[in-house]
Amino acid sequence: MIVQLAVMILIGLIGSFFSGLLGIGGAIVNFPLLLYVPPWFGLEALTPKEVAAISMLQVFFASLSGMITNRVIGRKGERYVHRPWCCRWVSVRWSAA
């Protein structure tokens with residue numbers, strides 16, 4: 001039990017470090033780690049369905065913590081998405097060129 005917990009924490013730390021270092025989503029790094037690393041330590045291998053469930057749960061809590069953080073620090077009225085007219089203008093300009 002303790003070994004399994006330590007391995008999962010280690011996988012999470014390594015996967016988070018490399019996803020932050022590379023600037024990509026964590027699931028694309030953690031999914032292979034969760035599939036292949038536990039058997040290296042003599043633990044039971046996780047199925048792809050279990051790994052997908054773990055990844056979805058991680059994404060949910062990461063999104064939830066980001067939402068709560070934005071609410072707490074007061075970023076309620078700011079826009080984080082570009083206005084649609086801007087995107088249309090850029091696409092029309094590029095396609096006409």
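**Entry 1: contacts along the chain**

I began with contacts between residues at least 6 apart in sequence, and I noted that 30% of them in the protein join residues at least 24 apart. The model I examined is predicted. One pair I looked up was Glu44 and Gln4, which stand 40 residues apart in sequence, while their C-alpha atoms are 9.1 Å apart in space.

**Entry 2: confidence**

I then consulted the confidence values. The mean pLDDT of the protein is 81, and 76% of the residues score at least 70. Confidence is highest in H2, at 90, and lowest in helix H4 (residues 84-96), where the mean is 61. I recorded a caution here: where pLDDT is low, the predicted coordinates should not be read in detail.

**Entry 3: overall composition**

I counted the elements and found 4 helices and 0 strands. Read from the N terminus, their order is α-α-α-α. The accessible surface of the protein amounts to about 8,000 Å², and carbon and sulfur atoms account for 71% of that surface. Of the 97 residues in the protein, 13% are buried.

**Entry 4: the nonpolar core**

Which residues form the largest nonpolar core? I listed 7 residues: Val7, Ile11, Leu34, Leu35, Val37, Leu46 and Val51. Helix H1 (2-22) and helix H2 (26-40) are the elements that give two or more residues to this core. H2 supplies the largest share, with 3 residues.

**Entry 5: helix H2**

I turned to the geometry of H2. This helix has 15 residues and extends 21 Å from its first C-alpha to its last, close to the 21 Å expected at 1.5 Å a residue. I located a kink of about 35° at Leu34 in H2, shortly before the proline Pro38. The buried residues of H2 are Val29, Asn30, Leu34, Leu35, Val37 and Pro38. Their cover includes H1 and helix H3 (48-72). After H2 comes Gly42, with a positive phi near 80°.

I examined two residues against the cut-offs for burial. Is Asn30 buried or exposed? Asn30, which lies in helix H2, has a relative accessible area of 11%, and Asn30 is therefore buried, the limit being under 20%. Apart from neighbours within four places in sequence, Asn30 is in contact with Ile11, Gly15 and Ser16. Glu44, by contrast, belongs to the loop between H2 and H3. Its relative accessible area is 71%, so Glu44 counts as exposed, a term that applies over 50%.

**Entry 6: helix H3**

Note on methods:
Residues are numbered from 1 along each chain as its sequence is written. This is a predicted model: local features need pLDDT of at least 70, side-chain atom pairs count only at pLDDT 80 or more; totals for chains, interfaces and linings use all residues. Side-chain values use heavy atoms; hydrogens and water are left out. A nonpolar core is a set of buried Ala, Val, Leu, Ile, Met, Phe, Trp, Tyr and Cys residues joined through side-chain atoms within 4.5 Å. Buried means under 20% relative accessible area, exposed over 50%, partly exposed in between (1.4 Å probe, protein chains only). The expected span of a helix is 1.5 Å times one less than its number of residues. The bend at a residue is the angle between axes fitted to the seven residues ending there and the seven starting there. Contact means heavy atoms within 4.5 Å. Accessible areas come from the Shrake-Rupley method with a 1.4 Å probe; for residues, only the protein chains shown count as cover. pLDDT is the predictor's confidence in each residue, from 0 to 100.
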